[in-house]
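Subject: Structure for your review

Dear colleague,

Please find the structure below, together with its sequence.

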Amino acid sequence: MAPAPEFGTWVRSPAVAGVFYPGDADALTEAVTRLLAGAADPPPGDPPTAVIAPHAGYRYSGPTAGAAYRAVAARRGEVERVVVAGPAHRVPLGAVGVSTARAWRTPAGEVPVDVDACRALVDEGLAVPADDAHRPEHSVEVHLPFVVAALGPVAVVPLVVGRCPPAAAAAALARLWGDETLVVVSSDLSHYLDDPAARARDQRTRRAVLEGRHGDIGPYDACGCVPVAGLMLVASDRGLVPSTLAVATSADASGDAGRVVGYGSFAFGPARPLARDERRWLLARARSAVARELRTGEVDPLDDDDVPERLMPPGASFVTLQVGGELVGCIGSLEARRPLWRDVARNARSAAFADPRFPPLAPDDLDRTVFKVSVLSALDPLPAGHDDLVGELRPGVDGVLLEAGGHRGTFLPAVWSTLPAPEDFVDRLAGKAGLPSDPWPADAQVWRYTTDEFADAG
């Protein structure tokens, strides 16, 4: 049996200083400062808790990486540790690999390693010591000057990710990710296509990131596809949504469009509320999905290219249709399983033509139909006992999902207008689900959610 590695007894030397980035301390500081200052302002909202950023030479990918670090710089003083996870380019590896060093040296000084965190990952079977893979690797190293410039003196957890399941990368990231930790996944995008082909492929990859389709991102789309997928899995579990910070190719710097590398920076953070124009777009798209089917008899293929980015991440929604103030259809989703815009359009179509309580919407009724969209928050567990549940509910605010014995039912928050008493609300919900309210089901499970509701004028 090989002896256990000794953690924290040595310093890892730079492998690509003077090649991928300046090897002189002053020149390196000037380069990173310039790249951060030249990046576009980050989008509004809370600063990200995780980012994807590229790892090529600063001449090529530096502006794109600068956009990621400008976005996280607002967390300076809050972040105490940065996890940097990149692919293994030079040494084959079949797992997540940690560094056993106590620090990583850069031309501008040493960056301390969170040795205890690295050791804990190994002790818990979530990673292996991988100094042989770390020593020649650039995918983590090139980020460290940006980390220090944006966030100040923080500890790092360097991870090199080999050919392992995305779930393995997700488990390591989830173990480390906390309120005072920033996660950085290091990845370039397409490699060695001509510039138009690279940009087209990178846009498909961008959309897969935004829509949460980690299984559609392979090694020819992103060299760090495994840690990217791991990040996407954990971010989804935490209700974080992605947004684009910058996309480019090496042709933007070199002018050589024949054989390029693609770069992208993406932020992951709490979802911001929908803006007015995004609500209008959703309502119009819901109406057009129904109108198309009424006009052609064919289901809308939902192949739009002009979707606002905020509407691309997975979301759950209900669509309610009313004619003359009377309900004529209401269908929805309780969990986010597809892009929000697709969920709204599909639920609009189902509310119009597949709600078993009502006849299909007639063409003459479309102009008189009011479309109402309710975008749901994530489900939040509640006490499942009858009296405890009644006491926990917030009238007028909470939607409720009840499940027991293979039965399921939900009331949107709008139902409070007709059932304002919590006990009546709960008892009627049980009846809707086909369950008794007395005795209350012993195996009941209950969740609440809130909704962002908006309607058109019909």
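Helix α2 bends by about 30° at Thr64. The bend at a residue is the angle between axes fitted to the seven residues ending there and the seven starting there. This is a predicted model, in which local features need pLDDT of at least 70 and side-chain atom pairs count only at pLDDT 80 or more, whereas totals for chains, interfaces and linings use all residues. Residues are numbered from 1 along each chain as its sequence is written, and side-chain values use heavy atoms, with hydrogens and water left out.

Helix α2

Helices (H or I, at least four residues) and strands (E, at least two) are DSSP runs, numbered from the N terminus. Helix α2 covers residues 58–72 and spans only 18 Å between its end C-alpha atoms, while a straight helix of 15 residues would span 21 Å at 1.5 Å a residue. That expected span is 1.5 Å times one less than the number of residues.

How many of the 15 residues of α2 are buried? The number is 11, and the helix is mostly covered. Here, buried means under 20% relative accessible area, exposed means over 50%, and partly exposed lies in between (1.4 Å probe, protein chains only). Thr64, where the helix bends, is one of the buried residues, which also include Tyr58, Gly62 and Tyr69. Among the elements that cover the buried residues of α2 are α1 (25–38), α5 (144–151) and β12 (260–270).

Strand β16 (residues 369–376) is largely enclosed by the rest of the structure, because 6 of its 8 residues are buried. Two strands pair if DSSP finds at least two bridges between them. Strand β16 pairs with β13 in the antiparallel sense over 8 bridges, and Ala316 has Leu376 of β16 as its bridge partner. Strand β16 also pairs with β21 (residues 451–455), again in the antiparallel sense, over 5 bridges. In that strand, Glu453 stands opposite Ser374.

Thr320 belongs to strand β13 (residues 314–323). Thr320 counts as buried because its relative accessible area is 12%. Contact means heavy atoms within 4.5 Å. Not counting residues up to four places away in sequence, Thr320 touches Leu327, Gly329, Cys330, Val370, Phe371 and Lys372.

Arg448

Arg448 is found in strand β20 (residues 445–449). Is this residue, Arg448, buried or exposed? Arg448 is buried, as its relative accessible area is 14%. Leaving aside neighbours within four places in sequence, its contacts include Ala378, Leu382, Glu392 and Asp398. A polar contact is a pair of N or O atoms within 3.5 Å; within protein, one must be able to donate a hydrogen and the other to accept it, and residues adjacent in sequence count only if both atoms are side-chain atoms. The side chains of Arg448 and Asp398 are joined by a polar contact of 3.2 Å. A polar atom of the Arg448 side chain also lies 3.1 Å from the backbone oxygen of Glu392.

Cysteines

A disulfide is a pair of cysteine sulfur atoms within 2.5 Å. A search of the whole structure finds 0 disulfides. For Cys164, the nearest cysteine sulfur is that of Cys225, 9.8 Å away. For Cys225, the nearest is that of Cys223, at 8.2 Å. Cys164 is buried, with a relative accessible area of 10%, and Cys225 counts as buried at 12%.

Yours sincerely
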